[in-house]
Amino acid sequence: VISAVLILAALALWYFLRTETTTVESIRVQVERGDFNISVFTSGELEAKRSENIQGPSGLRTVGLWNVQIAELIPEGSVVKEGDWVATLDRTEISNRLQDLETELEKLQTLHTQTMLDTTLDLRNARDELVNLQFNYEEALITLEQSQYEPPATIRQAEISLEKNQRAFDQATRNYELRYQQARARMQEVTASLNQLKRRYDNMLAVLDEFVIYAPQEGMVIYRRNWDGSKVQVGSQISTWDNTVATLPDFSVMMSRTYVNEIDISKVKVNQPAEVVVDAFPEKRFTGFVTEVANIGEQRPNQDARVFEVKIQINESDTILRPAMTTKNTIITHVEKDVLFIPIEAVH
């Protein structure tokens, strides 16, 4: 019995402590040979290579306006024809200034008329005085001629009277010339001020006519983006430095604007090949090449690292490509020719 129990215990111990032989399955992969691409991966958005800007008034600075608010704006993506309405700007400030100019213009026109009448009356009186002095001189001359047979004292008195009238006439003539030049200068000054104010008024009217903005050509309206990436909308302001409201892109040649991290920017060069995929249509892939690489980095919103702007021109043309679509870009920075490919799991 003891022997049987020992045998059973030994068998049980062997059963629980025994180790099974495991078979290892080997995964075999065919090593391939080919070109190995070293790439930089970025995200960006589409834009047209060429576009026509829809601009607001060009003479805002000449009328003293620096910022103008957009009151009405056509929906983005609208297809317009040449001459179609796009936007209307707020006329409040320029209308107030125009009313002030009209009041000032009326005052200056009244001053111009009054100055002209005063000058005419003043010169007329001066001419009448000259005529009277001319008559006095002629009378003194006749008196001198008739006093030839009078006593010497009478003749001398006549000569003195003639000389006085002569000096008075000559002095009045010189004064008239000075008064005429003075009146002419005064009229030129008032006329110049009036003409200057008229030009300001006409310029303001011309700028006011441009507050209704029309499409310069046929195309799809795409809103302009501000420096912070936000789009122009109703209530946004345009300035004298950048009066672009929207753009009309040319869809025949599209580009992907992307930003590369400062760590990878040294690898990116102009004319390097690239592959572009639009997030809206991931099944389609487009080829392209790098056309521009910024020399100066910038700090983009919601990004900690410095990035450099890179533009990729797309070779193909497709109707699905629209501005502002999000893209994923693969820039091929280097190609190793004729190398072996193995799975990364096989590298230890």
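N271 is exposed, with a relative accessible area of 57%. Exposed means over 50% relative accessible area, buried under 20%, and partly exposed in between (1.4 Å probe, protein chains only).

This is a predicted model, in which local features need pLDDT of at least 70, side-chain atom pairs count only at pLDDT 80 or more, and totals for chains, interfaces and linings use all residues. Residues are numbered from 1 along each chain as its sequence is written, and side-chain values use heavy atoms, without hydrogens and water.

Most residues other than glycine have a negative phi. N271 has a positive one. So does D338, which is not a glycine either. N271 sits in the loop between β11 (254-261) and β12 (273-278). D338 belongs to strand β15 (residues 326-341). Strands here are DSSP runs (E, at least two residues), numbered from the N terminus.

| Residue | Phi | Relative accessibility |
|---|---|---|
| N271 | near 75° | 57%, exposed |
| D338 | about 50° | 47%, partly exposed |

**The barrel**

Which strands close into a barrel? There are six, in the order β1-β11-β14-β13-β12-β15, and their pairing is antiparallel. On average, neighbouring strands of this sheet are turned by 45° against each other, direction ignored. Axes are lines fitted to C-alpha atoms, and angles between N-to-C directions run from 0 to 180 degrees.

Strands of a sheet pair through backbone hydrogen bonds. Two strands count as paired if DSSP finds at least two bridges between them. Strand β13 (residues 281-293) and strand β14 (residues 307-314) share five bridges, in the antiparallel sense. G288 has I314 in β14 as its bridge partner.

Terms used
Helices (H or I, at least four residues) and strands (E, at least two) are DSSP runs, numbered from the N terminus.
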